[in-house]
Amino acid sequence: MARKMKSMDGNTAAAHVSYAFTEVAGIYPITPSSPMADSVDQWAAAGQKNIFGTTVKVVEMQSEAGAAGTVHGSLAAGALTTTYTASQGLLLMIPNMYKIAGELLPTVFHVSARTVASHALNIFGDHSDVMACRQTGFAMLCESNPQEVMDLAAVAHLAAIKGRVPFVNFFDGFRTSHEIQKIQVWDYADLKEMCDMDAVEAFRKRALNPERPVMRGSHENGDIFFQHREASNKYYDAVPGIVEDYMAQVNAKLGTNYQLFNYYGAEDADRVIIAMGSICDVAEEVIDYLNAHGEKVGLVKVRLYRPFRADKLLEAIPATATKIAVLDRTKEPGAQGDPLYLDVVTAFANAGRQATIIGGRYGLGSKDTPPSSVFAVYEELTKDAPKRQFTIGIVDDVTNTSLPEHACPNTAAPGTIECKFWGLGGDGTVGANKNSIKIIGDHTDKYQQGRLRGLPCALLHHQGLPHGA
């Protein structure tokens, strides 16, 4: 299926898809998620229609807690509702997230994953906010770049509507949310075709209505609460299958190969990295280089993080892989390992499958993770006794967790042109370069990629090849 090409960032891609499935948006701005809500608000003001033929009603509250309450109330009233947030804003939504999930209300929270302030405030990206929501009962779907956001955000909405389990759809703050790429854009007719309208109608019939009185929000004591809490298991058991089904529909339309866990690399790899988010694109470049030079390495990209299907993860890893490095973009102080690492170790242990599994932490607060860091991980995996817990991208001379990194070869595709533009605050450099990136992408046959890097600098990459070549 041919789709229109357009230059946009990850936030705009998420907004484009979410608008299609949204009747009400409860919003409150927080960096770097604000452009999602801003785009939805602008499109609604211009009278743009969603797939149901209506204009989204946008409600801006006085905090993220209020926005989450609006989402909860609107869903209970039978309107498909969405919000956009990150970091401490997402944490303020957690009490309502428990209620929304407990009541099986089909919403999607689009999260441009951002650092949670700890010893200091940091407005940039990592996964500490979404990892704080693992116990809420929300399913979690992750994307690596703006094209994946465009393609898979639809899966989050479609699966939530059909499966009744709410979703956190997340991607890396700034690294993906503000990265501009020339991507293929959904036509709303295709999204409507995939939407289960019977499930939409069933959701609306469950709404609070004086003509159909029901009791909600009751109090339960210890004699029945546990039983009712477990009664939702069948809905969570069904989610991975529903997600796979919608991924298959997307694949059929687009010619893609989205899976719960996607493998990239040598079929007979002996060393494999498991990760999610924007680091996957960096790892792919390194894998291409290493495998072209006689090594056998690979990568498993985690798409559906919750509910976690251990059997699907193990299917994705080559049987030849005996050394595994799991990379987490969060820090859980005092734990035996960070969240994704613990999930992988448990998956292997429960299946009785043997491998050396080590855990690494990277990219906190948008710390750069260049190819040299990925090279360092694969090099560590060659050792007989690799470091069980490590960090990359920093030099930790206090607790000595970091892996040594060395100068590495250029892994970019041949013909790539890279430019870095510096500017002083307020001189318009970032905005001007964003426009330049879009001009290159929308008015030439070149593929481009550009992003904000910190506050004073923008990066531009483009290749002299047609998109998809």
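1. Start with Asp-9: its side chain makes a polar contact with the side chain of Thr-12, at 2.8 Å. Bear in mind as you look that this is a predicted model. Asp-9 belongs to strand E1, which covers residues 4-9. With a relative accessible area of 10%, Asp-9 is buried, because buried here means under 20%.

2. Setting aside neighbours within four places in sequence, Asp-9 is in contact with Pro-146, Thr-176, Ser-177, His-178, Glu-179 and Ile-180.

3. Next, the backbone. Most peptide bonds are trans, and most residues other than glycine have a negative phi. With that in mind, check the bond from Thr-31 to Pro-32, which is cis, with omega near 0°. Pro-32 sits in the loop that runs between strand E2 (24-27) and helix H2 (34-45).

4. There's another cis bond to look at, from Arg-306 to Pro-307, with omega near -5°. Here too the proline is in a loop: Pro-307 lies between strand E12 (304-306) and helix H12 (310-316).

5. Now for phi. Ser-87 isn't a glycine, but its phi is positive, near 50°. You'll find Ser-87 in helix H4, residues 87-102. Is Ser-87 buried or exposed? Its relative accessible area is 0%, so Ser-87 counts as buried.

6. Phe-174 is another non-glycine residue with a positive phi, this time about 70°. Its place is the loop between strand E7 (167-172) and strand E8 (180-185). Although it is in a loop, Phe-174 is buried, with a relative accessible area of 8%.

7. Last, the cysteines. How many disulfides does the model have? The count comes to zero. Take Cys-280: the nearest cysteine sulfur belongs to Cys-142 and is 7.3 Å away, while a disulfide needs the two sulfur atoms within 2.5 Å. That's why Cys-280 is in no disulfide.

8. While you're on cysteines, compare how accessible two of them are. Cys-280 has 0% relative accessibility and so counts as buried. Cys-419, at 28%, counts as partly exposed, because that class covers values between the 20% limit for buried and the 50% limit for exposed.

How values were computed
Residues numbered from 1 in each chain as written. Predicted model: local features only at pLDDT ≥ 70, side-chain atom pairs only at ≥ 80, totals over all residues. Heavy atoms only, no water. Helix = DSSP H or I, 4+ residues; strand = E, 2+ residues; numbered from the N terminus. Buried < 20%, exposed > 50% of the residue type's maximum accessible area, 1.4 Å probe, protein only. Contact = heavy atoms within 4.5 Å. Polar contact = N/O pair within 3.5 Å; in protein donor to acceptor, adjacent residues only side chain to side chain.
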